[in-house]
Amino acid sequence: MNFLRKILFPFSILYGCITSVRNFLFDKGILKSYSFDVPVIAVGNLSVGGTGKTPQIEYLIRLLSSNYKIATLSRGYKRKSKGFVIADSNSNAEILGDEPFQIHQKFPQITVAVDADRKNGIEKLVSLKDKSEVILLDDAFQHRRVKAGFYILLSAYDDLFCDDFLLPTGNLRESRKGAKRADVIIVTKCPKDLSEIAQQNIKNKIGLEVPIYFSYIDYDDLVYNPNESKKVSEIKLLDKLVIAGIAKPELFFNYLEVSKDDCLVYPDHHFFTEKNLNQIESKANNKIIITTEKDFVRLKKYHLKSLFYLPIKSSFISNREELDNKILNYVGTKIKTSNKR
């Protein structure tokens, strides 16, 4: 695979030229970007998958939802519906996509919508009778047709964008220069004990005058299903089947200490087939089954015996209050300015 990627290097150059021209046209106003009176926060990355966008969106919901009416908007990757859809009691992962459906179930008090056309989606949301005060855009860093008011760029600790290259040789969707559009950069999936020296080395490597923060995946102490919960400390000692259909499952497996367990790995956002279910039931053989929260929303309809999920959240190594204040100040200032118009 690495050799194949290397020989595709000329296509990376071509791809880079195309994305650079596109960004230039948006930067110069030749291609139009649309801004809105409502505060819009975009969370995204430069690379394909695996940076922890959903935990960061959930972090923002927890930060903002006690004071503001929140809406999330994403394209709803791999959903089977089309156009603009708002989550309701009849929604499922096939209608919304797994991550929006997960957010809908976890935060029923907010509005969750999907639309591949983010401009249209925002226009629909602000036209609602009970319109939202803040809109969170999931995976929209490259969606230049909408100009968000605040951009959060994510980059995984073990796969920094500054060490990567353009598709198809690397995993970047656009040039590293795109990071300059960010208001803040969050290095995700860090070790909890990442030293200040190591943090400064990463800041130096990134080399931008943009505030940089460091977060880690914080796992719950319990696994859950709709009927009960169990302590992770007890689960680790059991013979179990562990299932992951996420971009980078290594942290999940490591946390559950799966070295002696059966594990099944599927592609990110995978919709499980009858063949998959037969494989799962055969491997499980009456053992407890642990999966990710994102996979659980796609698996739970099959009523697998002893199926539990492990929740995660994004936590910060340091300077969390500084980041929170930046976000809260942006939202508060934007709303005050809009109300004066």
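Q: What conventions apply to residue numbers, pLDDT and side-chain atoms?
A: Residues are numbered from 1 along each chain as its sequence is written, and side-chain values use heavy atoms, with hydrogens and water left out. In this predicted model, local features need pLDDT of at least 70 and side-chain atom pairs count only at pLDDT 80 or more, while totals for chains, interfaces and linings use all residues.

Q: How many salt bridges are there?
A: Side chains of opposite charge can pair when their charged atoms come close. A salt bridge is a side-chain nitrogen of Lys or Arg within 4 Å of a carboxyl oxygen of Asp or Glu. By this rule, there are 23 salt bridges.

Q: Is Asp295 buried or exposed?
A: Buried means under 20% relative accessible area, exposed over 50%, and partly exposed in between (1.4 Å probe, protein chains only). Asp295 is buried at 0%, and its salt-bridge partner Arg298 (2.7 Å, N to O) is buried at 3%. Both residues lie in helix H11 (residues 293-299), 3 residues apart, about one turn of the helix. By contrast, Glu228 is partly exposed at 40%, as is Lys230 at 28%; these two form a salt bridge with the closest N and O atoms 3.7 Å apart.

Q: How many aromatic pairs does the whole structure hold?
A: Rings of Phe, Tyr and Trp (its six-membered ring) pair if their centres lie within 6.5 Å; planes under 30 degrees apart count as stacked, over 60 as edge-to-face and the rest as tilted. The search finds 9 aromatic pairs. Among them, Phe9 and Phe165 are stacked, at 5.4 Å centre to centre and 25 degrees between the planes. Ring pairs also link Tyr224, Phe296 and Tyr309 into a cluster.

Q: Which ring face does Lys236 lie over?
A: A charge sits over a ring if NZ of Lys or CZ of Arg is within 6 Å of the ring centre and within 35 degrees of the ring normal. Lys236 lies over the face of Tyr255, at 4.6 Å from the ring centre. Lys80 lies over the face of Phe271, at 5.6 Å from the ring centre.

Note on methods: Helices (H or I, at least four residues) and strands (E, at least two) are DSSP runs, numbered from the N terminus.
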